[in-house]
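This report covers selected local features of one protein chain. Please keep the sequence and the coordinates at hand while reading.

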Amino acid sequence: MQIKDREQVEGGRERVTVVPESVDDLWHLQYVLEPGDRVAGDTTRRIQRNDDQMRDTGGEREPMWVAIAVDDIEFHKFANRLRVGGEIVACSREDQLGFHHTLNVEEREELSIEKRFKPDQEARLEEAEEATENPDVAIATVEEGQAHVHTVAQYGTEERATITGTTGKGEYSRGRSELFSELADVLKRQDVDAIILAGPGFTKQDARKYIENNEPEVAERITMVDTASVGDRGVHEVLKRGAVADVQQETRIESEAEYIDELTRRMAEGAKAAYGPDQVQQAAEFGAIERLLVLDDRLQKERGPDGEWAVSVDEIVRTTEQKGGDVTVFSSEFPPGQQLSNLGGIAALLRYRLE
């Protein structure tokens, strides 16, 4: 994420101009934006008159600049697009004021955001800006007869390919070569700076030798890691061991996995942990929170009109930070976030046990 400009505006609000550079950045923005914000950018629109009749333009859309008062935000990961809808409050054509419009925000498109930024939203923008410098990573897990390729993004991991082939050596060696060849082809197509090759036994070494002989440019990006499993479980092992951090400065999902493991360990021991909005609010008031864990989509929901908690999530966050605690916002796209969701969407690692 590029942050091109920041300025204070009336009413204690701030205007930030950003350029999202990846689908990760669009994902971050969906949790920065909320109803009531003002968002502006270039767009296209079929012109409407004041009598609500469409001008006959043969379906053509006219380029223009608009600013909208945000009503709704939708992230479309597979379309690489963030949709931001609301009423037009400023426009390069005054006759369009008051109409509803949806900005389709894509990578490399400049966007102006005007709002009162909350601390976690500021932190998310900073994280996205810093992540621009981090390399993209693919994790390939392989054992006899199968291989899997995942990519690592800030919103989670995504499976790119599952490959199956003949098991064994000797008369089956051709089948193994075909498996390794297909794996090499998949890795060659991934636009990543680093590849972690993982799995049990010696199959991964054989896969690497094949790739070195046939795709040396791919082999140059490979780091090997031992895991007991392949597929999703193998990827989780890679993340927990910190292998991705060797090529990416502590990724979001690695730290989330560590925090949720520590939380579940403490809960099993009846130790310094709290979960659910009521327990966590009490811990915040006592100044007992060492690290607050809150789920991104739950945070977004509780800030809006559809919130279900009897307590204020913003008050919990604010109190935690005022009393020296840290706040980590979890991604709902990754298994640790799903575990946190099962605990009510909010939990805390405590400095001491609450009686």
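## Helix α6 and the residue after it

G242, which comes just after helix α6, has a positive phi of about 80 degrees. The model is a predicted one, and this angle is computed from it like the other values in the report.

Helix α6 itself spans residues 231-240. Its buried residues are G231, G234, V235, E237, V238 and L239. A charged residue, E237, is thus listed among the buried positions of α6.

## Helices α1 and α2

Helix α1 covers residues 23-32 and helix α2 covers residues 119-131. Their axes come within 9 Å of each other, with a crossing angle of roughly 170 degrees. Because angles over 145 degrees count as roughly antiparallel, α1 is described as roughly antiparallel to α2.

On the α1 side, the residues in contact are D25, W27, H28, L29, Y31 and V32. On the α2 side they are Q121, R124, L125, E127 and A128. Sorted by class, this contact holds six nonpolar, two polar and three charged residues.

## The second largest pocket

The second largest pocket has a volume of about 250 Å³. Its lining is made up of 15 residues, and those closest to the pocket centre are E34, P35, Q300, K301 and G304.

Helix α9, residues 296-302, supplies the largest share of this lining, with five residues. By class, the lining of the second largest pocket consists of six nonpolar, three polar and six charged residues.

T203 belongs to helix α4, which runs over residues 203-214. The relative accessible area of T203 is 6%, and the cut-off for a buried residue is under 20%, so T203 is classed as buried. Apart from neighbours within four places in sequence, T203 has contacts with V142, E143, E144, R176 and F180.

A161 is located in strand β10, residues 156-164. With a relative accessibility of 15%, A161 also counts as buried. When residues up to four places away in sequence are not counted, A161 touches A147, H148, V149 and V186. A161 and E182 are 21 residues apart along the chain, and their C-alpha atoms are separated by 9.9 Å.

Terms used. Residues are numbered from 1 along each chain as its sequence is written. This is a predicted model: local features need pLDDT of at least 70, side-chain atom pairs count only at pLDDT 80 or more; totals for chains, interfaces and linings use all residues. Side-chain values use heavy atoms; hydrogens and water are left out. On a 1 Å grid over the protein atoms alone, a cavity is a set of points where a 1.4 Å probe fits but cannot get out, and a pocket is an open set with protein on both sides within 12 Å along at least five of seven lines; lining residues have an atom within 4 Å of a point. Grid points are joined across faces, edges and corners, and a volume is the space filled by probe spheres set on the points. Helices (H or I, at least four residues) and strands (E, at least two) are DSSP runs, numbered from the N terminus. Buried means under 20% relative accessible area, exposed over 50%, partly exposed in between (1.4 Å probe, protein chains only). Contact means heavy atoms within 4.5 Å. Axes are lines fitted to C-alpha atoms, for helices over the stretch in contact, and angles run from 0 to 180 degrees between N-to-C directions. Angles under 35 degrees count as roughly parallel, over 145 as roughly antiparallel, 65 to 115 as roughly perpendicular and the rest as oblique.
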